[in-house]
Structures are given as C-alpha cells and as structure tokens.
Amino acid sequence: MNRFIWVLLSFCFAIAAWQALVSLTGVPHFILPAPKQVLDTLIKSRELIAWHAVVTISEVLIGLLLGAFLGALTALHLMVSATSRRLLMPILVFSQAIPVFALAPVLTLWLGYGIWSKVFMAVLITYFPVASNFLDGLRRTDRGYLDLATTMKAGRWQTLLQIRLPAALPSLASGLKLAAVYAPIGAIIGEWVGASDGLGYLMLLANGRAKIDLMFASLFVLASFTVILHSLVSLFANWLTRRAKGETKELLEKA
Amino acid sequence: MITLAGSLLTGTNDWLFQSVELELFPGGWSCLLGPSGVGKTTILRLLAGLETHGAFQGKINTARCSYMAQQDLLMPWLNVMGNVTLGAKLRGEEIDTQRARELIEQVGLTEHTDKYPGQLSGGMRQRASLARTLMEDQDLVLLDEPFSALDAKKRADMQELAHELLGGKTVMLVTHDPAEAARLGNRNLIMNESGLHAMPAKTISNILAPEAPETLNLQSSLLVALRKAAA
C-alpha cells in the first residue's frame, strides 16, 4: 500500500512539473500541451486511440508469444544438437549486430503494410533474448544433478525434460521479462516505417499535423500498455522461478 | 566383487594416482579417507561410471549403483515424494508410490512428504536424499561425504540410520572424518600419493557407539595415520 502511495505521488510530481513548465514558459500548445489538454484529447479521441491501440496490442502480443515460443524451441534444439549449436550460434550472434530498425523497411516490402510486418519485427526482437537466456540456463545445469541422472540410468530426453528444463526455468523467466519490454519497441518501429493503423502510426500522423496533444495521449496509452504487459509477464516469470525453486506461497509467507 | 585396479592420468599428463588396488568389502562398508585432492572422489566416480578429469588406465569391476553426494542433490522443484521417485521417472518406469511412502516413513519424513526441499532443514534434506538412494535399490551404494555438512548430533543420527537401512549392501563411503570411518567401516583405507593403505577396522557387523572404547581407539589410530599420510 505504501509503495502504491509513492507511485501516485511520483506521478503527481511529474504532472505538476510539466504543468509548471507550460505555465511559466508560456510555450504554445502545439509545441507542448498542458497535461489537462492531453487528458481532454484522450477522452475526446478515445475511440480513435482505442482502435489504433487494439492494432498495436495485437501485434505486440502475437509477436511476443511467437517470439518466445520460437526462442524457447530453438534453445531446446540447440541444447540437444551440438552440430546445430556450432552451425547456428555464430549466425545468431551475428544477427544481433544488425539493428532491427535497419530491417524494418525491407520487412514492410516483403510482408506488406498490414500487421504481419510488425508482428515479425516483434518476433525478431523478442526471439533472441528468450533463446539465448534459456539456452544459457539449459547448459548451466548443476553438474551434480546430471551425475545423479547418469547413475540413475536416465535417458537423454528424460534428463533434458525433467532436469535441465525445470532447472533452466528461472533463466527462461528473465528472457521473457526482457522480451516483454522489447516487443512493443519492435511493433512501433514497424509502424513508423509503414503502416495505416496502430499507435506508432497515429503518433507519427499527429506529430506531422502538429496535434501534439493527440501524440502525447497516444504515447500515454502505449506506455501504460507496456507497463501492464511487463507487470503481467513479470508475475508469470516470477511464478515460473518460484516453481523451479520449489518456493510455495506458504514458504513465502513464513519468510 | 567390486574392484578397481589401475592408474589415472590427468589432463595435464600428471598421475593423479598410480597402481591403486581397491576391493570393496562385500555386503558391508568400505571407508576411504585421505587428504584433499588425492583422488578419493575420482575413485568413487570411476566406480559410479561418472566422468572424471583424466584418463583411467586399468581394470574396473563395478555394478550399477546408487549415489549420494555431499550436496543432497534434491531437485528444488519436486517435493519429497517427487524426489524419492525421481529415478523411476527419469527411466520412464512405473512409479512405485507405495514403496516410496514406506521409505519416506523409514527415514522419518512422512509428515513432510509433500514439502519442497527449500522447506526442509539440512538434516531432513539428507534423509530425503537417503530415501531416494534406497528407492534405487541397488546392491552397490556409493557415498561421497554425505554427512559432512551436518552438525555432530545429526551426523551421528544419520550414520545410524544409513547403517540400518543400507544393511547387506556393499557401501563405499568417502569421508574426511576418522570417527565416521571408525563407527561404520568394515574395511578402512587411507589414500595418499603413494596409493591405498589398509587400516584397522571394526570386526563386528553392527555400527559402533560413538563413545565405545573400540571406536575411540580406531578413531585415534586413523587420525594418526591420516596426519602421517598428509605429511
């Protein structure tokens, strides 16, 4: 509860500072609108913003789910196959040197102006952190656990699924948390480069027409969504981690 | 008969040990003592069929074993029942829950069957680990300092429990504690750079009381020999 009050206070402080800046400098509203004006626009244009938000949120969620799924699958595959690991790891690492921004135009060319070029951007940007974190975790299994599995005559797949995988869940969880922050960035970049819907498109459009209040209102919605997404993914990730460490609720309450 | 004879060349082309000959006491406890880094754990790992840092040259006659280490190696994401039945799960076999319950009862953890390792004390964790070892039901049991992290009382209790429950099995125990070897060992060996050396051991099959004169005599002669071995 205490923490919530501080968050609230922090926001009030930021808004007050913003209002003070606008009042004291007398800056025109098409350069920096007052907080109240942004709020009015947010309410007035709620249907427009909501429509574009739905598009962006869909892109982010589809992209995040696909990216995380493919990333986790890749990590499992690279864990099992040493040949694949040697063959693919250099390409994977090199691919991270390519800024996703640079790929956006060609993705639009290949996949069109619709949501799929943005979904693909989000997949690209979330895939690597999930794959590399999870693979790291899979490869760093406690030697002792593996020795135990050997003396128990465990099969290769059983060892992977019942020992390496659960032991690597905390690493998968940190990959997912990173991915949740990156996914909206991917989608917005995609929308900037070429789109007819989505918050990124709306912000660019509003900016071009000096509707800075609409731009800020869209930005506020986008940031709120990102925070909510990150919190939800964190909740899930922390649950995964607790599960892997055998920390039940009961134990946490005792602590 | 479980035997090992040979030498181990390390990755840097040094001998970790040379011309070692080991024969485990059949149906009883063989305790292996000696300074750190001399290769006791390596011998145990060779018998367990585990990887070692080096190339072994010689002959090993061993069997499938159950293995217990200093770390309890309980999977934190499984409860006590899940950990005790881990072996069957890893082999894709049917799980004998009834037998697991009996073993959990024998190590005194019935009330804690559904708890996770993080909720158990160090002593309870080692008892869960012992139940898992028993669940494997192998004639050869390899123990690598399993009680060394416990306090004196828990360690003595665990020694008695393990001795009782592992009765009739061929057990090899790597330990740093002469008192432990004195109480448990039907055959005691000290390992140093010159090889394995047979030491006096108890002559009865029962575990010795910690305060019995025979225990104390054995313990002091082992301690004297250990100090010489390290020098």
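Start with chain B and its contacts (two residues are in contact if their C-beta atoms, placed from the backbone, lie within 7 Å). Of the contacts in chain B with a separation of 6 or more, 70% are between residues 24 or more positions apart. The model is predicted, so local features need pLDDT of at least 70 and side-chain atom pairs count only at pLDDT 80 or more, while totals for chains, interfaces and linings use all residues. Residues are numbered from 1 along each chain as its sequence is written, and chains are lettered from A and ligands numbered from 1 in the order in which they are written.

Keep chain B selected and colour by secondary structure. The C-alpha atoms of chain B fill a box of roughly 50 × 45 × 30 Å along the principal axes.

Next, select the side of chain B that touches chain A. The contact takes 23 residues from chain B and 22 residues from chain A. On the chain B side, strand S5 (65-68) and helix H3 (86-91) are the elements that give two or more residues. H3(B) gives the most, with five residues.

Move to chain A. Its secondary structure is 11 helices and zero strands. The radius of gyration of chain A is 23 Å, whereas a compact globule of 255 residues would have one near 18 Å. Along its principal axes the C-alpha trace of chain A spans about 75 × 55 × 30 Å.

Now select residues 82-95 of chain A, helix H4. The 14 residues should span 20 Å at 1.5 Å a residue, and the end C-alpha atoms are 20 Å apart, which agrees. The expected span is 1.5 Å times one less than the number of residues. Centre on Leu88(A): H4(A) bends there by about 40°, and Pro90(A) follows within four residues. The bend is the angle between axes fitted to the seven residues ending at a residue and the seven starting there.

Where does H4(A) lie, buried or in the open? The number of buried residues among its 14 is zero, so H4(A) lies largely in the open. A residue is buried if 20 or more other C-beta atoms, placed from the backbone, lie within 10 Å of its own, exposed if 12 or fewer, and partly exposed in between.

Definitions and conventions. Rg over C-alpha atoms; globule rule 2.2 N^0.38 Å.
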